[in-house]
Amino acid sequence: MPATLGIIGGSGLYDLPGITDVEELTVTTPYGGASGPILSGQMGDCAIAFLPRHGKGHRLNPSDVPYRANIHALKQIGVTHLLSVSAVGSLQADLPPGTMVLPDQIVDRTVARDRTFFEGGIVAHVSLADPFCPDFQQHVLASIDQADAQVHNGGAYVCIEGPQFSTRAESQLYRSWPAQIIGMTAMPEARLAREAGICYCVVATVTDYDVWHESEEDVSVASVLAVLAANVDRSKSLIASLAASPLPACTSGCAQAAAHAVSTSQDSRSDENTALLSFLTSRNAQSES
Ligand SMILES: [Zn+2]
């Protein structure tokens, strides 16, 4: 199985033209089904797999997205590098709608999501100090046509549970933190991708100023949709550009993140848990070429 570039499409990104030899895969996992069928095929130099996070017709709210099934399914079909394409609100005046942000940190405010593969008799504590793969993120950054969009590299993504937008007091609180953008989906995706040994990063396109801005309209579905179309076109260009070159080697240890993180002694692990650990720490060697 070749090393594979995975794309999880967020709001507005429900299809990915340009995939050849395309197959629609329905992958079963111990955590149930993924958000929907995965489109698998070839694009440019890469084997590619595309999964719309919210399902066909945008049926799954951010709390209902089956994050574990999605990451497990993508891992099963060989995904080594996973780009999350997301719509977010801006917490800063200098990041207006249309800006592409590649955050390097996350503040997790979610409260109702399954966030680990390690449960039921096996305990592991992977490092999340840097939740995104810096090697992959650099590769994504280099693939963005900076003439086409304002790009901001770095910053923190505040991930809220939703599905409601923030209150004004919450939005002001988040602005007082060292945080740049706000969304509802980067967690637990980043946690699970790290546990699964997948190089993961986010490209977030700003659709609004949340509710803190005194002279700009408060965020609403209508205001988000108005800027989403242009952002989605930019995201599709970015993905085509990303797929045009080979996936980068990872020097950050993503693939083996879980291997050294298990606290449970060998003789206390069930066969099922040993198999899970073996699955999560396996990775196609071609991705490191
Ligand atoms: Zn990595």
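Me: How many helices and strands are there in the protein chain?

Reply: Helices (H or I, at least four residues) and strands (E, at least two) are DSSP runs, numbered from the N terminus. The protein chain has six helices and 13 strands. This is a predicted model, in which local features need pLDDT of at least 70 and side-chain atom pairs count only at pLDDT 80 or more, while totals for chains, interfaces and linings use all residues. Residues are numbered from 1 along each chain as its sequence is written.

Me: How is the radius of gyration of the protein chain to be read against the globule rule?

Reply: The radius of gyration is taken over C-alpha atoms, and the globule rule is 2.2 Å times the number of residues to the power 0.38. Here the radius is 18 Å, close to the 19 Å that the rule gives for 289 residues, so the chain is as compact as a globular protein of that length. Along the principal axes, the C-alpha atoms fill a box of roughly 60 × 40 × 35 Å.

Me: What share of the residues of the protein chain count as buried?

Reply: A residue is buried if 20 or more other C-beta atoms lie within 10 Å of its own, exposed if 12 or fewer, and partly exposed in between; C-beta atoms are placed from the backbone. In this chain 46% of the 289 residues count as buried.

Me: Which residues have the most contacts inside the largest nonpolar core?

Reply: A nonpolar core is a set of buried Ala, Val, Leu, Ile, Met, Phe, Trp, Tyr and Cys residues joined through C-beta atoms within 7 Å. The largest one has 78 residues, and Ile7, Ile48, Tyr157, Ile181, Tyr200, Cys201 and Val203 have the most contacts inside it. Strand S13 (residues 199-208) gives the largest share of this core, seven residues.

Me: What does Ile7 touch?

Reply: Two residues are in contact if their C-beta atoms, placed from the backbone, lie within 7 Å. Not counting residues up to four places away in sequence, Ile7 touches Leu16, Ile48, Phe50, Leu83, Val85 and Ile239. For the chain, among contacts between residues at least 6 apart in sequence, 83% join residues at least 24 apart.

Me: Which strands does S5 join through bridges?

Reply: Two strands pair if DSSP finds at least two bridges between them. Strand S5 (residues 38-43) is joined to strand S2 (residues 20-25) by four bridges, and the two run antiparallel. Leu25 has Ile38 in S5 as its bridge partner. Five bridges join S5 to strand S6 (residues 46-52), also in an antiparallel arrangement. Gly41 stands opposite Ile48 in S6. The hairpin of S5 and S6 has two residues between the strands, and Gly44 takes a positive phi near 55° there.

Me: Where does Pro52 lie, and is it buried or exposed?

Reply: Pro52 lies in strand S6. With 26 C-beta neighbours inside 10 Å, Pro52 counts as buried. Leaving aside neighbours within four places in sequence, Pro52 is in contact with Gly9, Leu13, Tyr14, Ser35 and Gly36. The C-alpha atoms of Pro52 and Val85, 33 residues apart along the chain, are separated by 9.6 Å.

Me: Which residues of helix H6 are buried, and which are exposed?

Reply: The arc of a helix is that of the directions from the helix axis to the C-beta atoms. In H6 (residues 271-281), Asn273, Leu276, Leu277 and Leu280 are buried. Seen down the axis of H6, the buried residues fall within an arc of 95°, so they line one face of the helix. On the other side of H6, Asp271, Thr274, Ala275 and Ser278 are exposed. Helix H4 (186-195) is included in what covers the buried residues of H6.

Me: How many residues of helix H1 are buried?

Reply: Helix H1 (residues 67-76) is mostly covered, with nine of its ten residues buried. Among them are Tyr67, Arg68, Asn70, His72 and Lys75. Gly78, which follows H1, has a positive phi near 100°.

Me: What is the phi of His58, and what is that of Asp210?

Reply: Phi of His58 is near 55°, a positive value in a residue other than glycine. His58 is in the loop between S6 and H1, and is partly exposed, with 13 other C-beta atoms within 10 Å. Asp210 likewise has a positive phi near 55°. Asp210 lies in the loop between S13 and helix H5 (221-243), and is buried, with 25 other C-beta atoms within 10 Å.
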